[in-house]
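This briefing reviews selected features of one protein model, grouped by topic. Please consult the sequence and coordinates displayed below while reading.

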Amino acid sequence: MDALQRTPLYDLHLELGAKMVPFAGYEMPVQYPLGVMKEHLHTRAEAGLFDVSHMGQVILRGESLEAVAKAFEGLVPVDVLGLDTGRQRYGFFTNDTGGIEDDLMFANRGDHLFVVVNAACKAADIARMKAALEPGITVETITDRALVALQGPQAEAALSRLAPEIAEMRFMDVATVEILGVDCWVSRSGYTGEDGFEISVPDGSAEALCRALLEMEEVEAIGLGARDSLRLEAGLCLYGNDIDAGTSPVEAALTWAIQKVRRTGGARAGGFPGAEAILGQMAEGVARKRVGLLPEGRAPMRGGTEIYASDEGGAPIGTVTSGGFGPSVNGPVAMGYVSAEYASKDSELFGEVRGKRMPVKVVRMPFVPAGFKR
């Protein structure tokens, strides 16, 4: 792992007994001595602290926020111009065929946009933004700040001891908050389905912040293993597994993120890569759809498991993209793509596990109720 990058919290991970693995070009903690199952359940019940410093942090500036927003709308099928100051929104970069190049979060910080992209895609994302936006818009990559996520129903109680004002934030609010004497960029968001916060903190102050939080009884360090099972139970996509350059937002059931103003008939309809394909699919439908899948019994259906319409014979009608054991539901959960005719809730299908077809039902996601503070 010599060629891998390390986050500012690497030494703390080792001190905490983390098992480190390669992930998206970084050496990252997959679990701590508590173990994936207990880390997952602790986050659902109390508060878990995640190092997500491997993700890309980018600031977009121009002559006005309106100019930046209009330019950024040329890359995403999302309403950027209508986002209020101090608010954040989910979006995705699309390509000319309507596929998803990456999903992301962006925030209106008053005089600039703050964008967070996935670690594995950040070099390509930054290159895409520079090619499309510069020189009119400055694309500034932030390289001197860590990013941590505090997630769970006790996240507010824990973080408010260090910064009482965060208790007033709503889901998807973003603010600059002084914590332990340094300015942190805090959003009330995360990727576990729980209430929580993502905190961008200067590199040199990241360890002190994490130690202060970990001293609190309700906070535990959580690794990538539990992060994956948490987001799966929450029905949230993992880029590269559940969505990719060959998957459209319509197939992926992400059209909720395409606001009316960017749809056919809207004031700023289209104008993003793949608009014709995506808006066409929204009008005419798609051949396959992403769905929740609940296997019967205890055997997980992992990514790559083929889905069939009957217990014997016939060609596959779908594939699992993410699957595993859901600690909060105490059983296997999965998501994947199936032919549109089989995508209705309660459709009874079969997944082939080790040569044997096992029953699996199409269900609505999330598998656990969302805990966001509205």
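Does Arg354 count as buried or exposed? In this predicted model, Arg354 counts as exposed because its relative accessibility is 78%, above the 50% cut-off. The points below cover backbone geometry, nonpolar cores and a pocket.

**Backbone geometry**
- Arg354, in the loop between β18 (348-353) and β19, has a positive phi of about 50° although it is not a glycine.
- Asn330, also not a glycine, has a positive phi of about 55° and is placed in the loop between β16 (318-326) and β17 (331-339).
- With a relative accessibility of 47%, Asn330 counts as partly exposed.
- Glu134 and Pro135 are joined by a cis peptide bond with omega of about 5°; Pro135 sits in the loop between α4 and β8.
- A cis peptide bond also runs from Met365 to Pro366, with omega near 5°, and Pro366 belongs to the segment after β19 (356-363).

**Nonpolar cores**
- The largest nonpolar core has 27 residues, of which Leu150, Ile179 and Ile199 touch the most other members.
- Elements that each supply at least two residues of this core include β9 (145-151), β10 (174-179) and β12 (196-202), while α6 gives the largest share, four residues.
- Apart from this core lies another, of 22 residues, among them Leu65, Phe93, Leu113 and Val117.
- Beyond neighbours within four places in sequence, the contacts of Ile179 include Leu159, Val186, Ile199 and Leu209.

**Second largest pocket**
- The second largest pocket has a volume of about 200 Å³.
- Its lining comprises 16 residues, with Tyr26, Ser53, Lys122, Ile142 and Thr143 nearest the centre.
- By class, five lining residues are nonpolar, six polar and five charged.
- β4 (56-61), α4 (122-133) and β8 (138-142) each contribute at least two residues to this lining.

Definitions and conventions
Residues numbered from 1 in each chain as written. Predicted model: local features only at pLDDT ≥ 70, side-chain atom pairs only at ≥ 80, totals over all residues. Heavy atoms only, no water. 1 Å grid on protein atoms, 1.4 Å probe; cavity = no way out; pocket = protein on both sides within 12 Å on 5 of 7 lines; lining within 4 Å. Points joined across faces, edges and corners; volume = space filled by probe spheres on them. Nonpolar A, V, L, I, M, F, W, Y, C, P; charged D, E, K, R; others polar. Core = buried A, V, L, I, M, F, W, Y, C linked by side-chain atoms within 4.5 Å. Buried < 20%, exposed > 50% of the residue type's maximum accessible area, 1.4 Å probe, protein only. Contact = heavy atoms within 4.5 Å.
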